[in-house]
Structures are given as structure tokens and as C-alpha cells.
Amino acid sequence: YSFNGGSNWQKGNSKTYSSEGTYTVTAQAKDKAGNKSATVSGGTVKIDKTAPVVSTPTKSPNTEWSNTNVTVTNNATDALSGIASSKGYYFDNGSSWQNEKTKTYSTEGTYTVTPKAKDKATNIGAGTAISVKIDKTVPTISKIEKAPSSEWSKTDVKVTVTASDALSGIATSSGYSFDNGTDWQTNNYKTYSAEGTYTVTSIVK
């Protein structure tokens, strides 16, 4: 028996392919007198034992917290059989597979994105998990107070804002404005020392 068009012959009528690759099977047989049959195509044998390479996924926007939808891209590759054309990607540790290599997160919350990919031979590869954090709700300002609290003061006046944010929290840098967003600062208070009249319009992010 030959499985490669007569280039090699063997005793048994079966052949096991174990190495990765694509093989064209062309079967032929010969009798004890040396007569050879016509070659018969046996199609192809394709073997892929290597899992896809799943690199760290990318996200857009690429920030720790986002106030908009976040799209994550699974950057998996597979050098031999290729990523499966149906249900080749997942993002949530295997709960649901999908055809597309991207997934958009739109609901507020914190997500652990664990990327995996499956090739056409059903090998599965895994990548490094990333976090997606979405907060679309503005902070709440509960109180603005000044000290001293009199209408007019002969000393410096300190204005303090009390605010909260249940999800991402107030920005640790430049989270407070006292002039309607023109200037931002880290502290939740501002001291006015120069004489004059000031309109204090606080914004928090």
C-alpha cells in the first residue's frame, strides 16, 4: 500500500499521521506480482496540535475608568489552522463564545476580561486578563460651605465642597473646580485671600 502516490510503500492498509501539517493522501495498492492499481485520491489530512497565541487584549478607550462604552479586541493568532470562523473568541472566561474578535461593554460596572481563542482544530489558547471599568454617572455634590460663613469677611475665606461618587470615586488628581470648570485642583477646598467679590461655581469629576 502507498498513501503518497507510490513514492513510499508499506505492508499495512492504514497510515497514522501524527505531525502537524497538511497532507495530500493519494492511495495506491499493488499485488504480489507487482501490478499496481490506479491512484485514488483520499483527500487531505490536516493536523494542528498547537493552541492559538492569545496576547493581552487591547481596549478603547484605553483608560482605567471610562465614562463611555469600552470596546475590547481579542488579538489572538493561529499560524496553522487559523482561528475558528464560528465561535472562535471569548472574553468572559468561557461563558459565551462569539464570532467577532471585538466585544463592547456598555453597562456601568467593573469587568474582568479573560480572553481565549479556539482554532479550527478546536485547540484553545488563553491570554492575560484585563479590567474594564465603566462609570457613566456624575458625582454628587452634597454640600458647599464657607468659613467664615458671614456675607462679608475681613479675613481669608475657605470654601469646602463635600462630594461623593459611588462607582469610580472622585478623581485623585484635578477632581475639583470652583470656577465652573475653568481651573481644576486636587483639594476639595479653596481659600480666597484677595479682596473682592467671587462667584463660586463648583464642579466635581
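What follows is a dialogue about a predicted model.

Q: How many bridges join strand E9 to E10?

A: Strand E9 covers residues 116-118, and three bridges join it to E10, with the two running antiparallel. You can look one of these up: Lys-116 has Ala-126 in E10 as its bridge partner.

Q: Which element gives the most to the lining of the largest pocket, and what classes of residue are in the lining?

A: E12 gives the most, with three residues. Sorted by class, the lining of the largest pocket has nine nonpolar, six polar and six charged residues.

Q: How much space lies in the second largest pocket?

A: About 330 Å³. Of its 14 lining residues, Trp-65, Asn-67, Asp-135, Ser-168 and Lys-205 are the closest to its centre. By class, the lining of this second largest pocket has four nonpolar, five polar and five charged residues.

Q: Now rings. How many aromatic pairs does a search of the whole structure find?

A: Four. For each pair, read the distance between centres and the angle between planes. Among them is the pair of Tyr-17 and Tyr-23, which is tilted, at 4.9 Å centre to centre with 45° between the planes. Another is Tyr-192 with Tyr-198, also tilted, at 4.8 Å centre to centre and 50° between the planes.

Q: Why is Tyr-192 called buried?

A: Look at its relative accessible area. Tyr-192 counts as buried because its value is 12%, and buried means under 20%. Tyr-198 has 42%, so this residue is partly exposed. Tyr-23 is at 24% relative accessibility, so Tyr-23 counts as partly exposed too.

Q: Which charged end sits over the ring of Tyr-17?

A: That of Lys-15, at 5.5 Å from the ring centre. You can find another case at Trp-97: Lys-118 lies over its face, 4.5 Å from the ring centre.

Q: Last topic, the backbone. What should I expect there?

A: Most residues other than glycine have a negative phi, and most peptide bonds are trans. In this model, the peptide bond from Ser-60 to Pro-61 is cis, with omega near 0°. Pro-61 lies in the loop between strand E3 (58-60) and strand E4 (70-73). Ala-147 and Pro-148 are also joined by a cis peptide bond, with omega about -5°, and Pro-148 is in the loop between E12 and E13.

Q: What is the phi of Lys-87, and where does Lys-87 lie?

A: Its phi is positive, about 55°, although Lys-87 is not a glycine. Lys-87 is in the loop between E4 and strand E5 (89-90). Asn-180, not a glycine either, has a positive phi of about 65°, and is found in the loop between strand E14 (176-177) and strand E15 (189-192).

Technical notes: Residues numbered from 1 in each chain as written. Predicted model: local features only at pLDDT ≥ 70, side-chain atom pairs only at ≥ 80, totals over all residues. Heavy atoms only, no water. Pairing = 2+ DSSP bridges. Helix = DSSP H or I, 4+ residues; strand = E, 2+ residues; numbered from the N terminus. Nonpolar A, V, L, I, M, F, W, Y, C, P; charged D, E, K, R; others polar. 1 Å grid on protein atoms, 1.4 Å probe; cavity = no way out; pocket = protein on both sides within 12 Å on 5 of 7 lines; lining within 4 Å. Points joined across faces, edges and corners; volume = space filled by probe spheres on them. Phe/Tyr/Trp six-rings, centres within 6.5 Å; stacked < 30°, edge-to-face > 60°. Buried < 20%, exposed > 50% of the residue type's maximum accessible area, 1.4 Å probe, protein only. Lys NZ or Arg CZ within 6 Å of the ring centre and 35° of its normal.
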